[in-house]
Amino acid sequence: ATPAATMVGSTISATNGVLFKGADVLERVRGVDVVVFDKTGTLTHGDMRLTDVEPVRGGVAADGGDGDAATDGGLVEQEADESLVLSVAATVESGSEHPLAKAIVDGAEDRGVDVDDPENFENVPGHGVRAETPRGEALVGNRKLMRDNGVDPDPAEDTMERLEREGKTAMLVALDGELIGVIATADTVRDSAKETVAELHDRGLETVMLTGDNERTAHAVAEELGIDPENVYAEVLPEDKADAVEEIQADGTRAIMVGDGVNDAPALTAAHVGIAVGSGTDVAIESADVTLMRDDPSDVLKAIRISEATLQKVR
Ligand code: ADP
Ligand code: MG
């Protein structure tokens, strides 16, 4: 089928919800060698769900000093510990807009765990969040966030690694400078992502995954999708995503960057072609050359096909 493309001002709007910002974009799409995907929300659905809450033994007392938990039976103590970990984490996260935060707060509410209002909330981009909670000063985030704040993440390392190998995003929870537990969320890979990666490879294009998530989780997801482990850029800070794209393009390689978040805007600009996916933020859409109206990675293929077909017609 020949896609219909029409000029509307400087925007070429093609059928099937692919918007090209200017005619030269069609030309640029054709010349690319690599497609770089943001992981969360682009290759995955981005609708994280809370999956695990694991107290770390030797942390804070199970009843947390509020006197409502029975602490004399092993099982009860275990449950009380879990609710403390989740309550502290959800209280801090209720100050955050991050998709991980929403998963944790929703998970706490579903489990009937108290979520209080945090005070002096602070976001540490790419690492996590901190705030004062009724239980104490709390941190939720990755290993670096803990180390930077004098909390040793090592007692939770086995738990973290197990969860990350399952492709989950595992986060550490600390209270008053002590590690109290690990919580994890899982995201699901979009059905069309795997087929899209395979078809891009068939067309001779390379695929790359770019994510702020940790190495192990990123590799588990890349393996599920058929992305070469050597092409996984993990633990990339939001401000470093554009640098990663520039690094990929340093040898003259031309990259399409596909992303959805605020974080992704500079990387979309840095790429030979920036593609924003539909549910993306306004900032991402403004920075992009192509906007996909739907939330479907296979529309990247559609953009490539449209640019090829349109240029053939013009010539
Ligand atoms: P993404 O590529 O998924 O957008 P981010 O740069 O937002 O990644 O976050 C990278 C990592 O920082 C997350 O995997 C998580 O470990 C940690 N992190 C970020 N925001 C939060 C948060 N609100 N709560 C806990 N951890 C967080
Ligand atoms: Mg993101």
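1. Strand S11 (residues 206-210) has four of its five residues buried, so S11 is largely enclosed by the rest of the structure. Here a residue is buried if 20 or more other C-beta atoms lie within 10 Å of its own, exposed if 12 or fewer, and partly exposed in between, with C-beta atoms placed from the backbone. Strands (E, at least two residues) and helices (H or I, at least four) are DSSP runs, numbered from the N terminus.

2. The model is predicted: local features need pLDDT of at least 70 and side-chain atom pairs count only at pLDDT 80 or more, whereas totals for chains, interfaces and linings use all residues. Residues are numbered from 1 along each chain as its sequence is written, and chains are lettered from A and ligands numbered from 1 in the order in which they are written.

3. S11 is joined to strand S4 (residues 34-38) by five bridges, and the two run parallel; Val36 stands opposite Val208 in S11. S11 also pairs with strand S12 (residues 232-233) in the parallel sense, over two bridges, with Met209 opposite Val232 in S12. Two strands pair if DSSP finds at least two bridges between them.

4. A separate topic is the open sheet of six strands, ordered S5-S10-S9-S8-S7-S6 with antiparallel pairing. Strand S5 (49-55) and strand S6 (119-124) stand at its edges, each with a single partner strand, so one side of each has no neighbour in the sheet. From one strand to the next, the twist averages 20 degrees; axes are lines fitted to C-alpha atoms, for helices over the stretch in contact, and angles run from 0 to 180 degrees between N-to-C directions.

5. S5 and strand S10 (residues 178-186) run antiparallel and are joined by six bridges, and Val53 stands opposite Ile183 in S10. Helix H6 (residues 157-165) packs on the sheet, touching S5, S9 and S10, and its direction makes about 5 degrees with that of S10. Helix H4 lies across S5, S9 and S10 and runs at about 70 degrees to S5. Contact requires C-beta atoms, placed from the backbone, within 7 Å.

6. Domain 1 (5-45 + 189-314) and domain 2 (49-186) both give residues to the shell around ligand 1, so ligand 1 lies between them; the domain bounds come from an automatic or database domain assignment. Of the 21 residues around ligand 1, those that come nearest are Thr40, His98, Gly128, Asn142 and Gly212, a residue being near if its C-beta atom, placed from the backbone, lies within 6 Å.

Definitions and conventions
Contact = placed C-beta atoms within 7 Å.
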